[in-house]
Amino acid sequence: MTSTLDTARLVEGLREQTGGFADAVAGRDPDTRVPTCPEWPLRTLVGHVGQEHRWAAELVRKGERLPIPDPRQADPGVPDEWARWLREGAEELIRAIQETGADTETQTFLGPRPAAVWLRRMLSDTCVHHYDAEFATGTAFEIADDLAAEVISENLDLLATPAFEAVRPTVAGLRGRGERIGFRPRSMEGWVITRTPDTPRWERGPVEADVVVSGAVADLMLVCSHRVPPEDDRVAVTGDRALLAHWLAHTAL
């Protein structure tokens with residue numbers, strides 16, 4: 001799983017998206033419902049993001065797998081302190097990557113990988129949860145195109161990794177006989193996914209597929225992340241909608 005962004009941009013992106021998340025939730029009612037994470041109040045969403053950054057930092061420092069923490073047990077403190085607490089968690093992860101070395105091998109749920117994989121994974125999750133926070137609080141979501149594209153690519157990398165099936169058994173349903181799903185952004189190369197008998201495979205380039213979703217790259221990211229339905233006016237779908245529905249039903253991360 002190789003990022004198209006260098007470590008410096010991943011660091012910058014994590015700061016950007018954590019900062020946007022922090023601004024959206026600071027001082028808010030902790031019991032605010034998060035519609036895109038329907039079982040969570042805002043306090044749990046905040047706790048999850050700050051907790052996972054710190055968990056990933058500890059994992060990188062120790063170089064070994066650690067139990068996945070329960071977001072309901074995270075303590076982000078009082079709402080007026082959330083912004084500071086969130087930014088401190090992101091900086092802890094950045095510091096751990098810098099001190100350990102981005103290329104230093106560490107443990108992941110897919111086996112040994114360079115430590116920068118955790119920076120990429122946490123950036124991807126933070127981008128999506130930034131949207132959750134903005135949506136829950138009624139504020140505008142902003143993300144740079146390169147970061148939105150990175151979220152899509154990182155998610156596809158996970159789905160195309162055979163070992164990921166042990167983590168998410170539903171991805172076994174993504175095997176196929178050459179069916180192709182495409183995501184076509186307006187401002188850059190698109191993504192074409194091919195369902196093979198072994199595992200899904202994907203590539204960047206011109207989009208020719210059995211079903212194509214078109215729109216701004218940020219909106220495509222939200223469709224891929226199950227935050228915006230493909231029926232939303234922000235995107236357009238052409239081709240085999242049943243194929244797209246099957247893909248989305250088996251790709252929730």
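Which residue takes a positive phi just after α3? Gly101 does, at about 105 degrees.

## The model

This is a predicted model, where local features need pLDDT of at least 70, side-chain atom pairs count only at pLDDT 80 or more, and totals for chains, interfaces and linings use all residues. Residues are numbered from 1 along each chain as its sequence is written, and side-chain values use heavy atoms, with hydrogens and water left out.

## Helix α3

Helices are DSSP runs of H or I with at least four residues, strands are runs of E with at least two, and both are numbered from the N terminus.

Several α3 residues are buried, including Trp82, Trp85, Leu86, Leu93 and Ile97. Buried means under 20% relative accessible area, with a 1.4 Å probe and protein chains only. The buried residues of α3 pack against α1 (7-25), α2 (42-62) and α4 (116-137).

## The β1–β2 hairpin

Strands β1 and β2 form a hairpin with 2 residues between them. They run antiparallel, joined by 4 bridges. Strands pair if DSSP finds at least two bridges between them. Thr108 stands opposite Gly111 in β2.

Thr106 lies in β1, residues 105-108. Thr106 counts as buried because its relative accessibility is 2%. Leaving aside residues up to four places away in sequence, Thr106 touches Leu59, Val60, Pro112 and Trp118, among others. Contact means heavy atoms within 4.5 Å.

How values were computed: Buried < 20%, exposed > 50% of the residue type's maximum accessible area, 1.4 Å probe, protein only.
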